[in-house]
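These are my notes from looking through one protein model. I wrote down each item as I looked it up.

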Amino acid sequence: VRLKCNDGIYDISESIVGNEILGEILLSLLYQLGRLNFDLNVRNSSFLEETWQLPLYVEYELVPCLDLGICLGHVSGRSVVIRVEEGSVAGEDNKIEIGDVIHEAFGVCIHGWRKGKVTALLRQNRGLPVSLKVIKGHYSNGCIFPGVVPLLRRLQLDVDELQEQFKAALKSDNQDIKPLLHIGGQSVNYLGSVSVGNCGDVSRIEHAVSVVVNQARVPVAVRMITGEIGVQTLLETNRKVILSHSYTEISACGRRNDMPLYFAYIAGDTSCTISSHFTCYVFQAPTEDKSRDILLTLADGFHRTHWAV
């Protein structure tokens, strides 16, 4: 199939649609997408410019009350919950939690609103049932949704502490955590992670691998699953997801020539093109060939997705 386009709209030298080679690549990707089944909530698109990972999107109908019992922080046009009063209507059964983003209130989208306008909306509807549409700040497995991480940091909230609280709550409730992908992948050992600062370049991998290996941490048996849009790491013992990154968050992967069994990838706290904080995750494969094959799969994944960002 040959693409036809209006030269007055698409610059042949710069546009994907106007370029014959890039156009063929685009068509091949669209053909593959046509074979996938999507179950998308079109309202749940608020963070697609920051990450391909979709958050949990839930709707609540709360009883009429004078005070919801939440405090909102406003950053980048989003209303983020920074405090929930114990015993409040919003906090009952952990409906609303710290890190959640209020997307709609009383049927009105409040994305981009200033603090005073949001407060006025709540005041105008005082005494009525409170309908909210909320973007949850964490997944059902306790992991923080990557899109809210920069917002939480700007609001001076401790992201690591919050994630520990969520996971501790799940453990105490004895809830089962299900992986997002079918079981498969490669059996490897996870050795740990180390921050590499504000640069996710491949040159950081050699030093990061040495740092983690020299710490002599106890290896954790895991299963690494590389999917269509990202990679997940599950504990071999109970299949709990301990790491999950989309390819758009991965900036580099590689290994040291003198330590071929060890491999690593670097990921940002959001899409790597805009992230200001990167972490290197280090693994050990059973053989050199297995280490190489996993790296090739990772590299293929993020190279395949980054061109379209």
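Entry 1, overview. I counted 6 helices and 13 strands in the protein; helices (H or I, at least four residues) and strands (E, at least two) are DSSP runs, numbered from the N terminus. The model is predicted, so I kept to its limits: local features need pLDDT of at least 70, side-chain atom pairs count only at pLDDT 80 or more, and totals for chains, interfaces and linings use all residues. Residues are numbered from 1 along each chain as its sequence is written, and side-chain values use heavy atoms, with hydrogens and water left out.

Of the 309 residues in the protein, 42% are buried; buried means under 20% relative accessible area, exposed over 50%, and partly exposed in between (1.4 Å probe, protein chains only). I noted an accessible surface of about 17,200 Å², with 51% of it belonging to carbon and sulfur atoms. Accessible areas come from the Shrake-Rupley method with a 1.4 Å probe, and for residues only the protein chains shown count as cover.

I listed what Val188 touches, not counting residues up to four places away in sequence: the partners include Val220, Met224, Phe263, Phe283 and Ile294. Contact here means heavy atoms within 4.5 Å.

Which residues of helix 5 are buried? I found Ile205, Ala208, Val209, Ser210 and Val212. Their cover includes strand 7, strand 11, strand 12 and strand 13.

Just after helix 5, Ala216 takes a positive phi of about 50°, although Ala216 is not a glycine. Ala216 lies in the loop between helix 5 (205–214) and strand 8. Ala216 counts as exposed because its relative accessibility is 62%. I also noted Gln156, not a glycine either, with a positive phi of about 60°. Gln156 sits in the loop between helix 3 (149–154) and helix 4 (159–172). Gln156 counts as exposed because its relative accessibility is 74%.
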